[in-house]
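Here are some notes for a first look at this model. Please read them with the structure open.

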Amino acid sequence: MSRVAVTGASGLIGSALVRSLGADGHEVVRLVRRAPRAPGEVAWDPARGHVDAAGLAGCDAVVHLAGAGIGDHRWTAAYKKEIRDSRVHGTGALAEALASLDRPPRVLLSGSAIGIYGDTGERVVDEDAPPGSGFLAEVCRDWEEAAGAAAEAGVRTVLLRTGLVLSRHGGLGARLFPLFRLGLGGRLGGGGQYWSFIALRDHVAALRHLLDAADVSGPVNLTAPHPVTNREATRVLGRALRRPAPFAVPAPALRLALGEMAEDVLAGQRAVPRRLLETGFSFACPDFESAARAALTED
Ligand SMILES: NC(=O)c1ccc[n+]([C@@H]2O[C@H](COP(=O)([O-])OP(=O)(O)OC[C@H]3O[C@@H](n4cnc5c(N)ncnc54)[C@H](OP(=O)(O)O)[C@@H]3O)[C@@H](O)[C@H]2O)c1
């Protein structure tokens, strides 16, 4: 049994991880952005860069999943700043708090995303690929760098380059599945952009694997082994939900509806999980069809 601190514990991945850890008898400490009101809650204020470091004493591991939602609002200049600051400031404050402890945790799993690779087109990227360009790529690069203080203090630091997490409870699935159910599904733009997805259950299993993988540090792609194009994903979802998905939302309409965020939807990453596979992780849902079916039938 170990004591694991989690930021973003109320989020899609965080709440599933907390359930998984609790079910196996681990003690979970939640970092909360309000006054703590239950045992096991520790205060932090990522916007101001404050962490109650004393509350983290005795933790064996920290999983850092906090950040303002990428798709929650239109990307105004103010919201782009919030997307960035919530990650970069929060991560820096957390890493420094961990480094200041007499006995730091043995491992920090720190959030990042495959957006770091930019738009990779047809090119397959693993963890050795260099960062790309664009807003999200720059945010991810700075977000990863902000975890540096923990690594320098000797904490094994893993950078979680997460792909599109498939679940009906949040993220892409919560937005797409209802549209497909109404028969309004369709490809986005040309549909040739790659989706590197991962089923929520595989993401949580990969986090549990990485907590125990004592020799793994640095970037790790959390994506299933077989990325698909948006066109192929649309076909599979239409079939799984027994609804035709005849529509195509042209790129100009996406730009009009979503503003700058459309560039993220129209871009793609063809990322593969080389390090997870090398370290013996096995995916329950390696292809899009099994991941979509798992997401659609989640409790
Ligand atoms: N889901 C995906 O497809 C995906 C893909 C790539 C990367 N990621 C990254 O993985 C992490 C977890 O993803 P998720 O899907 O679980 O996200 P999520 O459901 O949006 O949850 C993120 C959590 O972060 C905290 N948060 C919200 N706004 C914040 C702010 N302004 N400052 C600091 N914390 C804030 C909240 O937790 P509290 O209220 O408990 O603090 C929230 O529940 C995120 O950093 C996300 O960018 C996710």
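1. The largest nonpolar core has 30 residues. Val6, Leu109, Leu207, Leu210, Leu222 and Leu276 have the most contacts inside it. A nonpolar core here is a set of buried Ala, Val, Leu, Ile, Met, Phe, Trp, Tyr and Cys residues joined through side-chain atoms within 4.5 Å. Buried means under 20% relative accessible area, exposed over 50%, and partly exposed in between (1.4 Å probe, protein chains only).

2. The model is predicted: local features need pLDDT of at least 70, side-chain atom pairs count only at pLDDT 80 or more, and totals for chains, interfaces and linings use all residues. Residues are numbered from 1 along each chain as its sequence is written, and side-chain values use heavy atoms, with hydrogens and water left out.

3. Helices (H or I, at least four residues) and strands (E, at least two) are DSSP runs, numbered from the N terminus.

4. Take Leu276. Leaving aside neighbours within four places in sequence, Leu276 is in contact (heavy atoms within 4.5 Å) with Ala206, His209, Leu210, Val220, Asn221, Leu222, Phe281 and Phe283.

5. Now helix 7. Its buried residues are Asn230, Ala233, Thr234, Val236, Leu237, Gly238 and Ala240. They pack against helix 5 (171–181), strand 10 (186–188), strand 11 (194–195), strand 14 (228–229) and helix 11.

6. Helix 7 (residues 230–240) and helix 11 (residues 288–296) pack at an angle of about 45 degrees, their axes 10 Å apart. Helix 7 is therefore oblique to helix 11; angles under 35 degrees count as roughly parallel, over 145 as roughly antiparallel, 65 to 115 as roughly perpendicular and the rest as oblique. Helix 7 contributes Ala233, Val236, Leu237, Arg239 and Ala240 to the contact. Helix 11 contributes Phe288, Glu289, Ala292, Arg293 and Leu296.

7. Arg242 follows helix 7. This residue is found in the loop between helix 7 and strand 15 (247–249). Arg242 is not a glycine, yet has a positive phi of about 50 degrees. With 75% relative accessibility, Arg242 counts as exposed.

Key:
Axes are lines fitted to C-alpha atoms, for helices over the stretch in contact, and angles run from 0 to 180 degrees between N-to-C directions.
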